[in-house]
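Please examine the sequence and the model shown below. The explanation that follows it is meant to be read with the structure in view.

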Amino acid sequence: MKLDVNVLRYLSKDDFRVLTAVEMGMRNHEIVPSELVDRIAGLKHGGTYKVLKNLLKYKLLHHDRSKYDGFRLTYLGYDFLAIKTLVNRGVFTGVGRQIGVGKESDIFEVAQEDGTILAMKLHRLGRTSFRAVKSKRDYLRHRSSFSWLYLSRLAALKEFAFMKALQEHDFPVPKAIDCNRHCVIMSLVQGYPMVQVKQLQNPETVFEKIIGIVVRLAEHGLIHCDFNEFNIMIDDDEKITMIDFPQMVSVSHQNAQMYFDRDIECIFKFFRKRFNMTFQEDRDEADETEVEVDENSRPSFYDITKDANALDRELEASGFTKKEQNDLDKFIEGEMEKSEDSDEDEESDDEEETCESNEEENLNEMKSLKLQEKEQKSSGGVEEEAELDDNEKGESSGDEAGRDEELDKKLGKQRRRAMAAARGGRKSQSSRNTYKDKGGRSQNSKIHNNMSGGW
């Protein structure tokens, strides 16, 4: 939608009051009901509906009746709110011609009261050419729902913060002036995009400067992610200025190496095609004979040493979240012992389980020995009865009764332990029915226990 600032001359205070009311309602409404707009604006005698008609005529609002009667802001209405606020602050007094169009923004010239020309960047996320913002950018972070106006505001805030921080660290970037909603005001760069340059006096020197900027950014913990000939400005003195910062990520990002290598490859590819520059790696490919490869021909991501005062922590660049910062602080303070205690608890649980399994094995061995003794006695029962006296028979029967009592006690103890473990949420390795079957009880007691368990 074309920005026509002449409409601003015909808008009154009530018009901006209603625009602000729709903006406030869009915080929790995709389509703001007309009744809510009327309540927030607070105009007397039904003046809100008259203003809404005027705003619809200039296409500052969109009227939607699909579910209910409501309104939402258009990008043109959002532009007017931002421009009105910046003009009231005294940042600039007039809007000039459009000097740039991108997939995510439009750039205009603005003039201050003393005649200084600045650049105004209006973010336009949600265009048909670039609607994969939710997957390509991380403006939303943990949020699931979004609107294009809100995403544009986040992109502008992020770019303004990055531009200001990079300027303080002497990076060649435009000077950040002010920011409001989705609008960023910066100094106007006197130069041309690299994509429009056909010839350079010293292409090797310019190439080294550009590669040095990429490496220096990585040393400060940042990766540009879109460092190409479209986002590099150069003036007549071959001075370099980089632009476009909303997509920058931290070197801690999971795809940091890929983004870094892609930025380096874009620069190598452009200078190779545009200025016919040959690099050490190109000479090695051209020569079939073995040639010693220059290790410094292409910067490596793993050879970069990160500065102690990294900007990614200060700016919370993508890939370095507050959680990571908290984990780093805990590690420095030595508060990571909690995880070690949890590991020790897990080991103690494993030891208890192994002890229980060993006890079960011992009980099974005792049962098997008892069955073997019974079989031996049954096979040689006739001979033993002839030789044994009545006293020996009494003693053997007493020993068998003692063994049965000991076995029943151990089985009962093991059963109580299993029940306690089940109540405490721990999973026992053997079922209760196995103890009942091997305990020597009668069939009637088994049936009674099963029926009582079912009830």
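The model is a predicted one. Its protein chain contains 16 helices and 13 strands. Of the 455 residues of the chain, 38% count as buried. Among the contacts in the protein chain with a separation of 6 or more, 63% are accounted for by residues 24 or more positions apart.

Strands of a sheet pair through backbone hydrogen bonds, in either a parallel or an antiparallel manner. Here 3 strands form an open sheet, their order is β1-β3-β2, and the pairing is antiparallel. The edge positions are taken by β1 (32-33) and β2 (61-64), each of which pairs on one side only.

The pairing of β2 with β3 can be followed residue by residue.

Lys 67 is found in the loop between β2 and β3. Is Lys 67 buried or exposed? Lys 67 counts as exposed because its relative accessibility is 76%, and the cut-off for that class is over 50%. Lys 67 and Ile 31 are 36 residues apart in sequence, yet their C-alpha atoms are 9.1 Å apart in space.

Asp 64 lies in strand β2. Its C-alpha atom is 9.2 Å from that of Val 32, although Asp 64 and Val 32 are 32 residues apart in sequence. When neighbours within four places in sequence are left aside, Asp 64 is in contact with Ile 31, Asp 69 and Gly 70.

Attention now turns to the helices. Two packed helices are described by the angle between their axes and by the distance between the axes. For helix α1 (residues 13-25) and helix α4 (residues 75-89), the packing angle is about 115 degrees and the axes are 11 Å apart. The angle therefore makes α1 roughly perpendicular to α4. The crossing in which α1 passes α4 is left-handed. On the α1 side, the contact is made by Phe 16, Leu 19, Thr 20 and Glu 23; on the α4 side, it is made by Gly 77, Tyr 78, Phe 80, Leu 81 and Lys 84. Sorted by class, the contact of α1 with α4 has 5 nonpolar, 2 polar and 2 charged residues.

The other helix pair consists of helix α2 (residues 34-41) and helix α3 (residues 47-57), whose axes come within 9 Å and cross at roughly 110 degrees. Helix α2 is therefore roughly perpendicular to α3. The handedness of the crossing of α2 and α3 is right-handed. In this contact, Ser 34, Glu 35, Val 37, Asp 38 and Ala 41 of α2 meet Thr 48, Tyr 49 and Leu 52 of α3. The residues of the contact of α2 with α3 comprise 4 nonpolar, 2 polar and 2 charged.

How values were computed
Residues numbered from 1 in each chain as written. Predicted model: local features only at pLDDT ≥ 70, side-chain atom pairs only at ≥ 80, totals over all residues. Heavy atoms only, no water. Pairing = 2+ DSSP bridges. Helix = DSSP H or I, 4+ residues; strand = E, 2+ residues; numbered from the N terminus. Axes fitted to C-alpha atoms, helices over the stretch in contact; angles between N-to-C directions. Parallel < 35°, antiparallel > 145°, perpendicular 65-115°, else oblique. Left-handed = near helix turned anticlockwise from the far one by under 90°. Contact = heavy atoms within 4.5 Å. Nonpolar A, V, L, I, M, F, W, Y, C, P; charged D, E, K, R; others polar. Buried < 20%, exposed > 50% of the residue type's maximum accessible area, 1.4 Å probe, protein only.
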